[in-house]
Amino acid sequence: MRPANEPGVDYRELVWRGYDACAEEYGASRKSQAGDELRGLLERLEDGASVLDVGCGAGVPIARTLSRRYRVTGVDMSEGMVSLARRNVPEGEFVCGDVMSVEFEEGSFDAVVAFYSIFHIPREEHQGLFERIYRWLKPGGYFLCTLSRRDEEAHTEDDFFGVTMFWSSFELSKSSQMLRDVGFEVVEVSSTAGGWADEEEAAKEDHPLVLARKKG
Ligand SMILES: C[S@@+](CC[C@H](N)C(=O)[O-])C[C@H]1O[C@@H](n2cnc3c(N)ncnc32)[C@H](O)[C@@H]1O
């Protein structure tokens with residue numbers, strides 16, 4: 001683990017280039033359908049609702065499972081991932097772009113999900129990301145996301161699917177407070193495993209899963 005503070009290194013580029021390089025291998029290691037991690041949303045959201053998947057990766061398992069009932073848009077800044085998502089979820093609509101700069105119309109989604117993607121964005125930007133998501137949601141819309149249990153300053157690790165990868169997070173209580181500060185009500189906090197096809201690998205992970213709701 002190395003602090004991500006090397007001058008001249010563009011860590012955002014490191015993330016998308018890293019995912020471009022490992023897209024096939026990463027996509028192949030994911031479960032093909034989601035399970036309990038989407039329960040909170042599936043129980044509350046009507047068929048035909050519009051859902052945005054932030055950092056959709058290869059589209060599996062999340063966008064694919066959502067697309068059985070909903071109209072899914074995915075955004076990911078790795079072109080390699082977006083190509084796989086288009087192949088894996090032909091009924092979805094996928095945009096290649098950075099969630100911190102891409103534009104969607106205000107109030108255009110019934111729900112937004114973000115699985116294992118927020119921790120790849122510098123934590124100083126997380127509140128800004130929550131504000132963007134809040135704006136894109138319709139009143140009463142849901143935000144379902146994995147967050148982190150631990151405070152982790154920006155750092156890189158070299159052994160992620162053969163590439164160097166960047167992580168940055170606040171601990172759960174601080175992230176939850178940021179969601180509230182933006183205007184969300186935190187509806188439910190549970191946990192989920194890693195989403196890997198290999199169940200033993202998945203069971204080693206434990207990510208806080210937060211369901212929040214825009215007021216209105
Ligand atoms: C760990 S993968 C998770 C992918 C997918 N959600 C899943 O569960 O398999 C993280 C994804 O987030 C994307 N990502 C990271 N930072 C992003 C950003 N700022 N904007 C858009 N996508 C981003 C990466 O390119 C990568 O595909």
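The model is predicted.

Start with the sheet. Three strands make it up, in the order β1-β7-β8. The sheet is open, and its pairing is antiparallel. At the edges lie β1, residues 2-3, and β8, residues 163-169. Each of these edge strands pairs on one side only. Helix α1, residues 11-28, packs on this sheet. The helix touches β1, β7 and β8. Its direction makes about 120° with that of β8.

Strand β7 covers residues 152-160. Two bridges join β1 to β7, and the two strands run antiparallel. To place one of these partners, find P3: its bridge partner in β7 is H155.

Turn next to the aromatic rings. How many aromatic pairs does the whole structure hold? A search finds 15. One of them is formed by Y19 and Y26. The two ring centres lie 5.7 Å apart, with 90° between the planes. That geometry is edge-to-face. Is Y19 buried or exposed? Y19 counts as buried, because its relative accessibility is 10%, below the 20% cut-off. Y26 is buried too, with a relative accessible area of 10%.

This pair belongs to a wider group. Ring pairs link Y19, Y26, F160, F161, W167 and W196 into a cluster. W196 also has a charged neighbour. The charged end of R30 sits over the ring of W196, 4.5 Å from the ring centre. Another charge lies over a ring elsewhere: K214 is placed over the face of Y134, at 4.8 Å from the ring centre.

Finish with the cysteines. A disulfide is a covalent bond between the sulfur atoms of two cysteines. How many disulfides does the model contain? The count comes to zero. Two residues show why the distances rule a bond out. Take C22: the closest cysteine sulfur is in C56, 14 Å away, so the gap is too far for a bond. The cut-off for a disulfide is 2.5 Å between sulfur atoms. C56 has a closest cysteine sulfur of its own, in C96, at 9.1 Å. That too is too far for a bond.

Definitions and conventions. Residues are numbered from 1 along each chain as its sequence is written. This is a predicted model: local features need pLDDT of at least 70, side-chain atom pairs count only at pLDDT 80 or more; totals for chains, interfaces and linings use all residues. Side-chain values use heavy atoms; hydrogens and water are left out. Two strands pair if DSSP finds at least two bridges between them. Helices (H or I, at least four residues) and strands (E, at least two) are DSSP runs, numbered from the N terminus. Contact means heavy atoms within 4.5 Å. Axes are lines fitted to C-alpha atoms, for helices over the stretch in contact, and angles run from 0 to 180 degrees between N-to-C directions. Rings of Phe, Tyr and Trp (its six-membered ring) pair if their centres lie within 6.5 Å; planes under 30 degrees apart count as stacked, over 60 as edge-to-face and the rest as tilted. Buried means under 20% relative accessible area, exposed over 50%, partly exposed in between (1.4 Å probe, protein chains only). A charge sits over a ring if NZ of Lys or CZ of Arg is within 6 Å of the ring centre and within 35 degrees of the ring normal.
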